[in-house]
Every structure is written in C-alpha cells, then in structure tokens.
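Please consider the model shown here together with its sequence. The explanation moves from the overall layout to the helix contacts and then to the core.

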Amino acid sequence: MSTGNQEYIRDMNRALVLEAIANHPPLSRADLAKMLHLTKATVSTIVQELLDRQLVIELGSAEKTSMGRKPILLTFNNRYGPSSPSISA
C-alpha cells in the first residue's frame, strides 16, 4: 500500500473516532473499537493523538466491568478553541 493511501486511511479513521466521540459520548476506547470495527491498538493511537491535541478529554473511569480494568470514558472537548493546537492533519 502506498504512503498516500496509508495517510488517507489514517485521516479517515481519525475523523471516524472523533465523530463518534463527539456524537455518542461518553465512550471508552473499547467501545470505539467495537463501534468502528477498528483494532484496539489503532483506536488507542488515535485517541492519544486526539488527547495530545486537546480535542478529546478523559472523564474518568466507568463502573467496573466483570473482568479487566475499568474503562476510561472519553468525550469531545467543548472548550477547544484558538489557544489550543491546530486540528489540521
């Protein structure tokens, strides 16, 4: 796959994750992976990038599930504005 195609897919996945978080908050990384049919690794990478850009914020842990650790819920940062980093890819 060419670099241009990989970049396009990465941009599309980033847009899908951000749109899902903005339209269906709060969501965990696992929720996003299931909803968007992406790997957990892909979602984690994208979410970290969105957190670094301050487009998304962590709300804290959800109620404990039957197994594993508590999921961390994510939501869109409504306070994102001019003082925050650019959202361009």
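Predicted model: local features only at pLDDT ≥ 70, side-chain atom pairs only at ≥ 80, totals over all residues.

Residues are numbered from 1 along each chain as its sequence is written, and side-chain values use heavy atoms, with hydrogens and water left out.

The chain contains 3 helices and 2 strands, where helices (H or I, at least four residues) and strands (E, at least two) are DSSP runs numbered from the N terminus. Their order from the N terminus is α-α-α-β-β. Of the 89 residues in the chain, 29% are buried, that is, under 20% relative accessible area with a 1.4 Å probe and protein chains only; exposed means over 50%, and partly exposed lies in between.

Helix α1 (residues 3-23) packs against helix α2 (residues 29-36), their axes coming within 11 Å and crossing at roughly 115 degrees. Axes are lines fitted to C-alpha atoms, for helices over the stretch in contact, and angles run from 0 to 180 degrees between N-to-C directions. Leu16, Val17, Ala20 and Ile21 of α1 meet Leu32, Met35 and Leu36 of α2, contact meaning heavy atoms within 4.5 Å. By class, this contact of α1 with α2 has 7 nonpolar, no polar and no charged residues. Ala, Val, Leu, Ile, Met, Phe, Trp, Tyr, Cys and Pro count as nonpolar, Asp, Glu, Lys and Arg as charged, and the others, Gly among them, as polar.

α1 also packs against helix α3 (residues 40-52), at an angle of about 75 degrees and with the axes 10 Å apart. The contact draws on Asn13, Arg14, Val17 and Leu18 of α1 and on Thr42, Ile46, Val47, Glu49 and Leu50 of α3. Here the residues divide into 5 nonpolar, 2 polar and 2 charged.

The largest nonpolar core has 16 residues, of which Val17, Leu32, Val47 and Val56 touch the most other members. Such a core is a set of buried Ala, Val, Leu, Ile, Met, Phe, Trp, Tyr and Cys residues joined through side-chain atoms within 4.5 Å. α1, α2 and α3 each give two or more residues to this core, and α3 gives the most, with 5.

Proline 71 lies in the loop between β1 (56-61) and β2 (72-76). Proline 71 is partly exposed, with a relative accessible area of 22%.
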